[in-house]
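Good morning, everyone. I'd like to walk through one structure today.

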Amino acid sequence: MMQLLVCVLSTLVATAVGKFNCRRDESMCLNDSNCNDDDGICQCSALYSGVDCSIVEAEKEQSLCSSGPCLNGATCSSDSSTYKCHCTDNYFGTNCGTLRYSIICVSTPTPRMTLRITPQVPSFNGTIFVEGKVKTTACHMTLVSGTTQTYELTLTHIHSTCGNAVHNASTDSNTRKFYVLFASNSIVLTSDEVVTAICDDTHSTAVTFQLSNIDIDGILSPVGVDMSIKDEDVNLTLTVLGSPVSSSVNLGDDINATIEMTVAGMLKFEALRVEGCVASNTLTGGDLKSVRFIAASCPSSDVDIVMIQKPKKDSDTKVSFVYDAFKFTNQDAVSVTCTVKMCTEATTCGAVQCGSESQPYTGYGRKKRVVQSGIFLEKTVRTTYRVQTVGVQRTNSTQVQGIFVSNRGNDVPLSFNIVGSAIVLVLFL
């Protein structure tokens, strides 16, 4: 009797782009190409093609490609001495013969699943973990191949440490979700992935997939108490597409942060300088997580991966920066707090150079201190909002054939059903 194992392998958070995403690491864009921040695809010149601009147009499908060495829909290019395979998103390897996402489901004697993931990034420095278990090391995937950067985790369906898989009695299926954070284990970006694995021994109904609002630890944490700090002399304003952020934003929204002196402040002070800006998850103690936008009056490298426009001084009374909305792994609420130096004389808040930057961020940076004759005050302003992960739903599917090696010792035919931003893998056992 034919049995069927269905595995939903990968879903991107808040984006319909494939697993390739150059926003994870701009070095993924080759041959002097640039990363498009809107879709995470490299922008190639006319001489190159491919999502990473690695394919030399003049070398596509040349003589050494005639034997068809490249597998699974890969593009072949060759010069006079060798060929190269440019893999599709789902595969990697010299000939593109290895799946980036693979799963083995075992029903006896102890029901369990083994999931292997090879993240698509030059150097993976992030974390892959079971939903809701970012703090539990035993529930993190571990590196099993440093050469290919492949990670693996085996879990029984009933697991005291990592929690039980979600069991559907009507289909006798067991489901787990895994999170792939490319930047760190603290913040969640639109270029990160959610991987849903389903072991189902009875039927093949998983041809569509709906991603609803997801929270990294299963916590829907409203901001609750108003944590804002306001000051009559200076405002911290966050806007998205020109509209003020009132309570929530979507993951990946471009947030424009402006620190600006008020009319009342201008009657007392001539200039301001932002000494520091930090984003935190609003929690305390060991649960507190934070990253810095500005530290010691200089742009911080903490959030380079989400920074669209680094902090700049628009005038003596206004500073602004733009960043992609992100969230922390254990909380939806994000609090942005800035410490502002208010000066009665502009020279006291004068322009400085940051580090070795050839173009200094005017108004920021460490400098040799000079005698300051003006009077200044330190002000603190804060605003808090909630980050939502927007759901997506797709019903159209595209099928790609392949072969999968099963734990039963025989090659097993399979098919990929690409459903919007989800990839459904069907194994016939």
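Start at asparagine 174. Leaving out residues up to four places away in sequence, asparagine 174 touches Met113, His157, Ala165, Val166, His167, Ala197, Ile198 and Cys199. Contact here means heavy atoms within 4.5 Å. One of those neighbours also makes a polar contact: the side chains of asparagine 174 and histidine 167 are joined at 3.2 Å. By polar contact I mean a pair of N or O atoms within 3.5 Å; within protein, one must be able to donate a hydrogen and the other to accept it, and residues adjacent in sequence count only if both atoms are side-chain atoms.

Where does asparagine 174 sit? In strand 16, residues 173–181. Strands are DSSP runs of E with at least two residues, helices are runs of H or I with at least four, and both are numbered from the N terminus. Is asparagine 174 buried or exposed? Asparagine 174 is buried, because its relative accessible area is 12%. The cut-offs: buried is under 20% relative accessible area, exposed is over 50%, and partly exposed is in between, with a 1.4 Å probe and protein chains only.

A word on the model. It is predicted, so local features need pLDDT of at least 70 and side-chain atom pairs count only at pLDDT 80 or more, while totals for chains, interfaces and linings use all residues. Residues are numbered from 1 along each chain as its sequence is written, and side-chain values use heavy atoms, with hydrogens and water left out.

Now the whole chain. Of its 429 residues, 49% are buried. Take the contacts with a separation of 6 or more: 60% of them are between residues 24 or more positions apart.

Next, the disulfides. How many does the structure hold? Ten. A disulfide is a pair of cysteine sulfur atoms within 2.5 Å.

Cysteine 22 pairs with cysteine 35, S to S 2.0 Å. That link is right-handed, with 85° about the S-S bond. Cysteine 22 is in the loop between strand 1 (4–12) and strand 2 (34–35), and cysteine 35 is in strand 2, so the pair ties together parts 13 residues apart in sequence. Cysteine 22 is buried, with a relative accessible area of 0%. Cysteine 35 also counts as buried, at 14%.

Cysteine 44 pairs with cysteine 53, again listed at S to S 2.0 Å. This one is left-handed, with -95° about the S-S bond. Cysteine 44 is partly exposed, at a relative accessible area of 32%. Cysteine 53 counts as buried, at 1%.

Then cysteine 105 to cysteine 199, S to S 1.9 Å. The link of cysteine 105 and cysteine 199 is left-handed, with -80° about the S-S bond. Why does this pair tie together parts 94 residues apart in sequence? Because cysteine 105 lies in strand 10 (residues 101–106) and cysteine 199 in strand 18 (residues 193–200).

On to the backbone. The peptide bond from threonine 108 to proline 109 is cis, with omega near -5°. Proline 109 is in the loop between strand 10 and strand 11 (112–117).

Two residues other than glycine deserve a look for positive phi. Asparagine 31 has phi near 55°. Asparagine 31 lies in the loop between strand 1 and strand 2 and is partly exposed, at 36%. Leucine 241 also has phi near 55°. Its place is the loop between strand 20 (234–240) and strand 21 (243–244). Leucine 241 counts as exposed, at 85% relative accessibility.

The largest pocket holds about 760 Å³ of space. Its lining has 32 residues, and the closest to its centre are Asp52, Cys87, Phe92, Arg100 and Gln120. On a 1 Å grid over the protein atoms alone, a pocket is an open set of points where a 1.4 Å probe fits, with protein on both sides within 12 Å along at least five of seven lines; lining residues have an atom within 4 Å of a point. Grid points are joined across faces, edges and corners, and the volume is the space filled by probe spheres set on the points.

Which element gives the most to the lining of the largest pocket? Strand 7, with four residues.

That's the tour. Questions, please.
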